[in-house]
Amino acid sequence: MDTRWKPNVTVAAIIEKDGRYLLIEEHTQEGLRLNNPAGHLDPGESPAEGCARETLEETAHPFTPTALVGIYLSRFQRPATGEDITYLRMAFCGDIGEYQPQLTLDQGIVRTLWMTPQEVRASADRHRSPLVLRCIEDHLAGQRFALNAIHTDPAVADLPPLPPSPL
């Protein structure tokens with residue numbers, strides 16, 4: 001039986017304030033890693049909505065995407081299992097709101113950090129993915145695209161979710 005290849009669709013927030021970028025430190029199967037606030041797109045949401053949700057869940061800061069920084073494709077093989085994973089990432093920059101202390105961070109998130117570009121570059125061996133730095137470098141270079149570069153058809157939110165596919 002043929003299996004269709006499907007990349008994991010993820011969203012990431014590239015948040016800069018006073019010359020520092022907001023990163024999260026999280027537990028992964030590869031150990032403690034640094035990442036942009038990021039996660040998988042959920043059914044029924046647009047990429048910008050998913051980015052806002054993931055940022056709030058991982059940082060306890062509301063986030064409003066204002067521009068697309070880029071769309072990235074990467075591939076990763078887990079050293080321990082050999083699992084081969086492809087990610088399609090949409091990265092957004094935007095406006096961050098005030099910290100919401102009553103919220104708890106997603107499971108696995110240890111803390112948030114504000115890092116200078118130099119600190120991010122120096123910590124590359126701890127990044128969850130090479131896309132962490134690439135997205136920041138693109139943001140530093142002024143790369144921005146209008147949010148309407150990504151169209152989300154209304155059926156994404158209007159149709160009921162599909163039942164899980166059989167394994």
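**Strand β3 and its surroundings**

Author: β3 and β8 run antiparallel and are joined by six bridges. This is a predicted model, where local features need pLDDT of at least 70, side-chain atom pairs count only at pLDDT 80 or more, and totals for chains, interfaces and linings use all residues. Residues are numbered from 1 along each chain as its sequence is written, and side-chain values use heavy atoms, with hydrogens and water left out.

Reader: What makes β3 and β8 a pair?

Author: Two strands pair if DSSP finds at least two bridges between them. β3 and β8 have six bridges, so they pair. In one place, Y21 stands opposite M115 in β8. A strand here is a DSSP run of E with at least two residues, a helix is a run of H or I with at least four, and both are numbered from the N terminus.

Reader: How do you know that β2 and β3 pair too?

Author: They have two bridges in the antiparallel sense, and at least two are needed, so they pair. K17 has R20 of β3 as its bridge partner. In the hairpin of β2 and β3, D18 takes a positive phi near 55°. β3 also has five antiparallel bridges to strand β4 (residues 31-35), and a hairpin joins β3 to β4 through two residues.

Reader: Why is β3 called largely enclosed?

Author: Seven of its nine residues are buried, so the rest of the structure largely encloses β3. Buried means under 20% relative accessible area, exposed means over 50%, and partly exposed is in between (1.4 Å probe, protein chains only).

Reader: What makes a set of residues a nonpolar core?

Author: The members are buried Ala, Val, Leu, Ile, Met, Phe, Trp, Tyr and Cys residues, joined through side-chain atoms within 4.5 Å. The largest one here has 18 residues, and I14, L23, V69, Y72, A91, M115 and I136 touch the most other members. The elements that give two or more residues to this core are β3, β6, β7, β8 (109-115) and α3 (131-140). With four residues, α3 gives the most.

Reader: And how do you know what M115 is in contact with?

Author: Contact means heavy atoms within 4.5 Å. Leaving aside neighbours within four places in sequence, M115 is in contact with G19, R20, Y21, L23, L34, V120 and S123. So each of these has heavy atoms within 4.5 Å of M115.
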